[in-house]
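Reader: Could you walk me through how the helices pack in this one? I would like the criteria along with the answers.

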Amino acid sequence: MGKKLIDSGEAVGIIAAQSLGEPGTQMTMRTFHYAGVAEQVPTGLPRLIELVDARREPTQSLTDIYLEDEFVKDKKKNEEVAAALEHVSLSDVCAVTENFAKKELRIKVDTKFAQTKGITVRDIINKIKEVLGKSGKIKSKNDQILLHINATYQKLRRITMKVKSIPLKGIKGLSKATVVYNEKTGEYFIRAGGYNLHDLKKAEHVNFSRVYTNNVREIEKHFGIEAGRNALLKEIRQVMDLQGLTVDVRHIMLLADAMCSRGMIEPVGRHGLSGRKSSVLARAAFEETVKHLVNASIEGEEDPLNGVTENIIIGQTVKLGTGKVRLIMRQ
Amino acid sequence: MMTTHKEKSPKEKTKRAVVYLNGLYMGFHDNAEELVREIISKRRSGELTPNLNVSYQAGSGEIHLNTSGGRIRRPYIIVKNGKPLLTKEHIDKLKANELSWNDLIAKGIIEYLDAEEEGTLAHVATTEEELTSEHTHLEIDNSSITGVIVSTFPYPDHNSSPRLTMASSMMKQSLGLYSVNFNYRQDSRAHVQFYPQVPLVQTSSYKALNFDKRPAGQNFVVAVMSYYGYNMSDAVVLNKNSIDRALGRSVFYKTYETEERRYPGGQKDKLMVPTPNIVGYREEELYKNLDEDGIIMPEVSIKPRDVLIGKVSPPRFMEEVATFGITEEKRRENSITAKGGDYGTVDSVMLSESLAGNKLVKVKLRSLKIPEVGDKFASRHGQKGVVGYLCPQEDLPFTKDGIVPDLIINPHAIPSRTTAGHILEMLGGKVASMSGRTVNGTMFSGEKEDDLRAELKKYGFNEAGEEELYDGITGEKLKAKIFIGVIYYQRLHHLVSNKMHVRSRGPVQLLTHQPTEGKAREGGLRFGEMERDCLIGYGASQLIKERLLEESDKMIALVCANCGSLGVHDYVKRRDYCPVCKGTRMEKIEMSYAFKLLLDEIKSLGIFPRLKIGEKGK
């Protein structure tokens with residue numbers, strides 16, 4: 001066991017950075033697609049940048065949902081739940097037109113489409129009533145709903161927006177839920193665009209312990225920093241694997257650990273790791289030199305010169321590798 | 001616009017068009033096609049300038065007329081009713097010099113099209129056979145799809161286009177006979193090759209461009225094989241004896257010049273042999289070849305730092321008022337010296353007058369450049385290489401006829417770059433040297449591979465161009481047959497002798513005290529951020545310190561033990577003190593000058609940086 005430990009004073013950070021950076025130069029800008037989801041999830045370099053930047057809103061999030069054990073191999077049940085989870089707002093199934101002269105909203109329901117989502121005209125009317133309360137008169141005929149509101153032009157506009165965004169069913173944030181078959185395990189799972197772990201927790205038939213999203217920040221928020229680190233690790237590895245690049249896991253682990261070292265996922269760069277280094281000189285050497293120097297002078301900061309950059313700046317040996325050891329004269 | 005179009009009938013829509021001239025709106029025309037037809041016919045008849053081009057896409061509603069400069073235009077033969085207007089009569093007249101190119105344009109037989117007109121209105125046939133009544137133009141020759149340089153390459157249709165791009169940019173760097181009066185010219189840099197040859201495999205445009213009057217290359221006997229690893233990674237092995245027989249030899253001319261400039265205040269430079277009382281006087285040794293007038297004599301050998309033109313200039317700044325009226329002018333040495341790496345002979349000295357009427361001197365230096373390890377050679381197929389070894393002829397392989405290659409390239413250079421043209425040229429060159437004629441390698445219409453093979457067979461060679469070679473060292477027959485042929489190689493002007501540069505100590509920059517950069521300043525090679533990262537990665541901390549401090553801008557600074565600011569040494573009182581706290585407990589600290597600069601800069605921000613000094617090693 002002791003043999004496998006890294007030597008003290010080894011420059012693991014630099015080595016990790018080089019080991020990740022070198023194959024990064026070979027990464028193709030080509031992106032691959034996930035089956036079943038119309039939107040593209042970036043892979044390769046753009047995705048890696050996104051992860052390292054620790055974006056709060058990645059370009060495209062995905063959530064993989066497994067059902068409780070008894071349903072996990074049931075395709076039908078999966079499809080049912082998928083339909084139930086997918087978020088449908090009013091504007092998804094209806095065409096809403098305003099008529100300012102008559103002060104009314106004409107809502108035309110695409111009944112065929114609504115049917116596939118298991119929504120009836122009745123449901124829609126009820127929802128509208130729920131949201132608007134008594135502020136409007138509702139008339140309906142077949143797939144047409146007429147909403148008469150006695151309000152000013154501006155107010156009418158606001159109501160239109162409100163009506164359009166009325167959630168009819170599903171979990172907010174989840175879109176385009178499709179059932180995917182996992183060949184390895186023989187199980188089905190639901191892959192949905194977007195993320196909303198908070199509401200998924202309460203969703204029926206969902207095995208919440210197996211829910212996974214590629215939104216690292218969301219995982220960190222709900223499961224804590226350790227889970228966040230693992231998700232980050234998993235995502236970066238996935239990017240590298242997809243490109244056919246082999247990088248030792250420990251390098252990625254170090255990166256993930258460094259990004260999570262303050263109890264939250266922080267980006268690498270000016271606003272994250274590099275911007276919060278303990279040494280003034282190291283920070284000043286990176287970016288925004290004057291800002292760091294001025295702030296340091298205001299606080300009377302002292303640099304103990306423990307890092308690599310600082311020592312190179314002032315022209316001392318680096319406390320690393322061969323510079324780690326010191327000779328002390330015997331008295 | 002859209003709505004107006006929608007209201008009109010589709011027929012009308014296609015006819016009406018906006019007319020733009022050089023991108024500027026001119027007006028409407030109700031029948032676009034008619035207008036276009038009229039413009040073109042007027043251009044051909046000479047009523048409109050032949051420089052005008054039209055473009056019109058049916059239904060687009062826009063006609064663009066262009067006369068502006070900078071468009072790329074190509075000539076085409078005009079076709080009417082499926083018949084080219086250029087007839088045999090014209091060609092005969094052209095041959096007899098009774099007709100010129102411009103006559104053809106004036107007669108409306110040939111016209112120039114730009115990319116836009118070619119793309120929208122022209123329907124061009126590539127050969128006469130494929131002409132139909134639909135066609136409007138005929139390509140003059142198919143090889144004209146390339147530019148001037150590529151048109152001189154043999155078999156370019158067998159190479160990949162990036163290689164042609166590379167080959168054409170390399171041809172511009174090749175050494176040859178750039179000018180016949182080079183002896184009277186004073187080019188600042190010029191190369192002239194000894195015995196330039198006309199290539200054995202030529203194209204139809206080669207002679208037309210008069211390239212054969214000023215060739216830039218030589219025909220080499222080339223073998224495709226490895227040679228003890230001396231031709232790995234695009235290196236080439238050259239035959240030392242061929243080099244001694246002046247293969248690839250060239251001469252390099254470099255001109256130094258200066259003038260006797262006049263300065264405000266009536267002062268003037270003086271060309272003379274500087275005297276020891278002049279500020280900045282060099283060693284006497286360096287002036288020894290100067291003539292009385294301070295200018296070097298022709299045919300004198302020169303080495304770097306030798307003075308070529310002795311010049312004395314007035315002081316850069318005005319002299320302080322002298323105490324006793326008489327000012328002995330402190331004149332400054334400002335001679336022109338040979339730069340680093342410039343070994344050679346003075347070829348000629350030219351005396352003249354500059355535009356400003358000052359005395360102007362130009363000294364031309366000549367140096368013989370015999371190919372050596374590190375010089376660059378290239379064929380006309382983007383196959384470049386650097387000499388890796390000059391091999392004595394007796395060690396090189398030879399054929400049963402006693403042919404020894406001049407150059408050996410590595411077979412690995414061929415397959416991944418798909419330069420089949422290179423191989424074909426070698427084959428063609430072999431045929432040419434046996435038959436005594438030049439081989440035609442014009443794009444699309446050159447001599448076919450099968451014909452070359454058949455001819456080679458006729459001369460008793462292996463038709464694939466492969467021969468059995470004997471090892472020059474052991475005399476044994478090589479196991480594999482080796483492809484050997486004759487191909488045109490160019491020596492490129494990247495010569496090591498002009499680039500070689502070393503430094504162990506040398507000048508430093510004024511501001512940072514770090515070594516200078518670049519060959520001209522006798523500088524060092526930058527040890528950059530990424531290189532530094534590598535040393536950190538190795539944990540070689542002493543080495544980093546050596547590279548970045550000891551070998552760079554190390555200095556000893558005085559630091560006040562009391563307040564931590566930088567101190568000074570008072571030479572009068574012979575003591576160190578701190579100008580901030582007036583303390584005298586000063587420590588000598590080793591640091592980089594760049595760090596001292598950083599401290600200065602921080603101070604200029606109004607921040608007081610203190611250095612806390614501890615025991616060494618703690």
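Author: Happy to! A crossing is left-handed if the near helix is turned anticlockwise from the far one by less than a right angle, and right-handed if clockwise. Helices (H or I, at least four residues) and strands (E, at least two) are DSSP runs numbered from the N terminus. This is a predicted model, where local features need pLDDT of at least 70 and side-chain atom pairs count only at pLDDT 80 or more, while totals for chains, interfaces and linings use all residues. Residues are numbered from 1 along each chain as its sequence is written, and chains are lettered from A and ligands numbered from 1 in the order in which they are written.

Reader: Which hand does the crossing of H10(A) and H11(A) have?

Author: Helix H10 (residues 225–242) and helix H11 (residues 249–260) of chain A have axes that come within 9 Å and cross at roughly 140 degrees; axes are lines fitted to C-alpha atoms, for helices over the stretch in contact, with angles from 0 to 180 degrees between N-to-C directions. That angle makes H10(A) oblique to H11(A) (under 35 degrees is roughly parallel, over 145 roughly antiparallel, 65 to 115 roughly perpendicular, the rest oblique). The crossing of H10(A) and H11(A) is right-handed.

Reader: How are H2(A) and H10(A) oriented to each other?

Author: The axes of helix H2 (residues 44–52) of chain A and H10(A) come within 9 Å and cross at roughly 165 degrees, and the crossing is left-handed. Gly44(A), Arg47(A), Leu48(A) and Leu51(A) of H2(A) meet Leu232(A), Glu235(A), Ile236(A) and Val239(A) of H10(A) (contact puts C-beta atoms, placed from the backbone, within 7 Å). With that crossing angle, H2(A) and H10(A) are therefore roughly antiparallel.

Reader: Within what arc do the buried residues of H3(A) fall?

Author: In helix H3 (residues 75–85) of chain A, Asn78(A), Val81(A), Ala82(A) and Leu85(A) are buried (20 or more other C-beta atoms within 10 Å; 12 or fewer is exposed, in between partly exposed). They pack against strands E1 (62–65), E8 (175–182) and E9 (187–193) of chain A. Seen down the axis of H3(A), these buried residues line one face of the helix, because they fall within an arc of 105 degrees.

Reader: Which elements of chain A give two or more residues to the side that touches chain B?

Author: Across this interface, 23 residues of chain A are in contact with 21 residues of chain B. The elements giving two or more residues to chain A's side are helices H1 (12–26), H13 (289–299) and H14 (308–314).

Definitions and conventions
The arc is that of the directions from the helix axis to the C-beta atoms. Two residues are in contact if their C-beta atoms, placed from the backbone, lie within 7 Å.
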